Amino acid sequence: MDEEYDAIVLGTGLKECILSGMLSVSGKKVLHIDRNKYYGGESASITPLEELFKKFNQPPSEKFGRGRDWNVDLIPKFLMANGLLVKLLIHTGVTRYLEFKSVEGSYVYKGGKIAKVPVDQKEALASDLMGMFEKRRFRNFLVYVQDFKEDDPKTWKDFDPTTQNMKALYEKFGLDVNTQDFTGHALALYRDDDYLAQPAVQTIRRIKLYSDSLARYGKSPYLYPMYGLGELPQGFARLSAIYGGTYMLDKPIDEIVVGEGGKVVGVRSGSETAKCKQVYCDPSYVTDKVKKTGQVIRCICLLDHPIANTKDALSTQIIIPQKQLGRKSDVYVSLVSYTHQVSAKGWFVGMVSTTVETNDPESEIKAGLDLLQPIAQKFVTVSDYYEPTDNGLDSQIFISQSYDATTHFETTCMDVLDIFKRGTGEDFDFSKVKTDLGDDEQ
């Protein structure tokens, strides 16, 4: 450990593994350390199933089949088919280590029932979410979004989305509050209603991302890796290793060593110190440089059936917009199954999550749990949500945020790209990646 590195990355959560891959690809000499024996950190996949029961201090049960047939994500999320993470995976060549399946359904909750998220004109006119006149208005809105081109003001139709906000665009098309709700939360994937006051172009981009992602595979805009999300950090770790990165698991971190002016100079483990110019890490490694800004509740549910009213989909996402439950934040429901090699034959893994708003977090996800009933087994966690207290520019210690309640990776990727830019002073250059890594790596 007595070499000097450009960057030391602490923790093998997905964000840290992506960063390590990106830094290595950008020509940095990287050392990656984790105090755990396994990859994934907070975002690990747990196998065999007995380990999950042990983690939650519950007695194991025979009824779930062979334990090693299970890979259960602690923080399940789906990838947008055209989103940032898939672009990173393709550009970095990590796709060669992974296999994906498209998620079969994307639903939104309204008035106690779920309905498919409508994304094109045909679906808008067939949707249960709106009355006849509202369907026409929504169809016109979708046509506007589909025809919209940022570089061609003729397609803006007497509305300037760079200066006017999203609320004004909804009003231009006469969309009611319910339609605004599912558009903002199930199509544009916003977590709250702050976006209404922001320039409309941001929401238009997000709706386009959703429909472009949907166009790639047809059933939903989401993808999910075979064998669970635990495969992703390992894929990026292999990428980093190809570009010269060094990995050490099961290595305790005793101190982040800081020199003059509060700038990081190395990382100490026992009597060994590795020198470095920068450190990238998750909040658990620097408790004095983060603040708790909230909590997230997640409930992992084992089921022996698909979710009702989803046409027996073997994988799906359901978003419950906050207004439906009189809340400030959305509730997310996801389902994956034996078709993804994450559970024994005939079994499903459901997850319900949200940002905690009361002193009774479990009651806040009741509407989501009701959609999954009957539930054979559940495991509940309430995790603190941390954010760094500074941007890292003075100390050169760059810290990721905790994982939020969303069931998609867009916010995760935005955090990673933001950290990369702060740490290197530039946006990640996708063209630097050799997509053909040679036959020995096939």
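Visitor: Which residue in β18 stands opposite Gln 295?

Guide: Asp 384 in β18 is the residue opposite Gln 295. Please note that this is a predicted model, in which local features need pLDDT of at least 70 and side-chain atom pairs count only at pLDDT 80 or more, while totals for chains, interfaces and linings use all residues. Residues are numbered from 1 along each chain as its sequence is written, and side-chain values use heavy atoms, with hydrogens and water left out.

Visitor: What makes β14 and β18 a pair, and in which sense do they pair?

Guide: Strands (DSSP runs of E, at least two residues) and helices (runs of H or I, at least four) are numbered from the N terminus. Two strands pair if DSSP finds at least two bridges between them. β14 and β18 have 12 bridges, in the antiparallel sense, and therefore count as a pair.

Visitor: What makes β5 and β6 edge strands?

Guide: They belong to an open sheet of three strands in the order β5-β9-β6, with antiparallel pairing. β5 (79-80) and β6 (100-102) each pair on one side only. β6 is joined to β9 (residues 222-225) over three bridges in the antiparallel sense, and Lys 101 stands opposite Tyr 224 in β9.

Visitor: Why are α5 and α8 called roughly perpendicular?

Guide: The axes of α5 (residues 132-147) and α8 (residues 200-217) come within 10 Å and cross at roughly 90 degrees. Axes are lines fitted to C-alpha atoms, for helices over the stretch in contact, and angles run from 0 to 180 degrees between N-to-C directions. Angles under 35 degrees count as roughly parallel, over 145 as roughly antiparallel, 65 to 115 as roughly perpendicular, and the rest as oblique. α5 and α8 are therefore roughly perpendicular to each other.

Visitor: Which residues of α5 and α8 meet, and how do they divide by class?

Guide: Phe 141, Tyr 144, Val 145 and Gln 146 in α5 meet Ile 204, Ile 207 and Lys 208 in α8, where contact means heavy atoms within 4.5 Å. By class, this contact has five nonpolar residues, one polar and one charged. Nonpolar covers Ala, Val, Leu, Ile, Met, Phe, Trp, Tyr, Cys and Pro; charged covers Asp, Glu, Lys and Arg; the others, Gly among them, are polar.

Visitor: What makes a space a pocket or a cavity?

Guide: On a 1 Å grid over the protein atoms alone, a 1.4 Å probe fits in a cavity but cannot get out, whereas a pocket is an open set of points with protein on both sides within 12 Å along at least five of seven lines; lining residues have an atom within 4 Å of a point. The largest pocket holds about 550 Å³. Its lining has 31 residues, with Gly 41, Glu 42, Ile 75, Ser 284 and Ser 383 the closest to the centre. β18 gives the largest share of that lining, four residues. The pocket lining comprises 10 nonpolar, 12 polar and nine charged residues.

Visitor: How many cavities are there, and what lines the largest one?

Guide: There are four cavities of 30 Å³ or more. The largest cavity has a volume of about 80 Å³. Among its 14 lining residues, Asp 73, Pro 76, Val 336, Val 349 and Met 351 are the closest to its centre. That lining has 10 nonpolar, three polar and one charged residues.

Visitor: What is omega for the cis peptide bond between Thr 47 and Pro 48?

Guide: Omega is about -10 degrees for that bond, and Pro 48 is placed in the loop between β3 (45-46) and α2 (49-55). The bond from Gln 373 to Pro 374 is also cis, with omega near -10 degrees.

Terms used:
Points joined across faces, edges and corners; volume = space filled by probe spheres on them.
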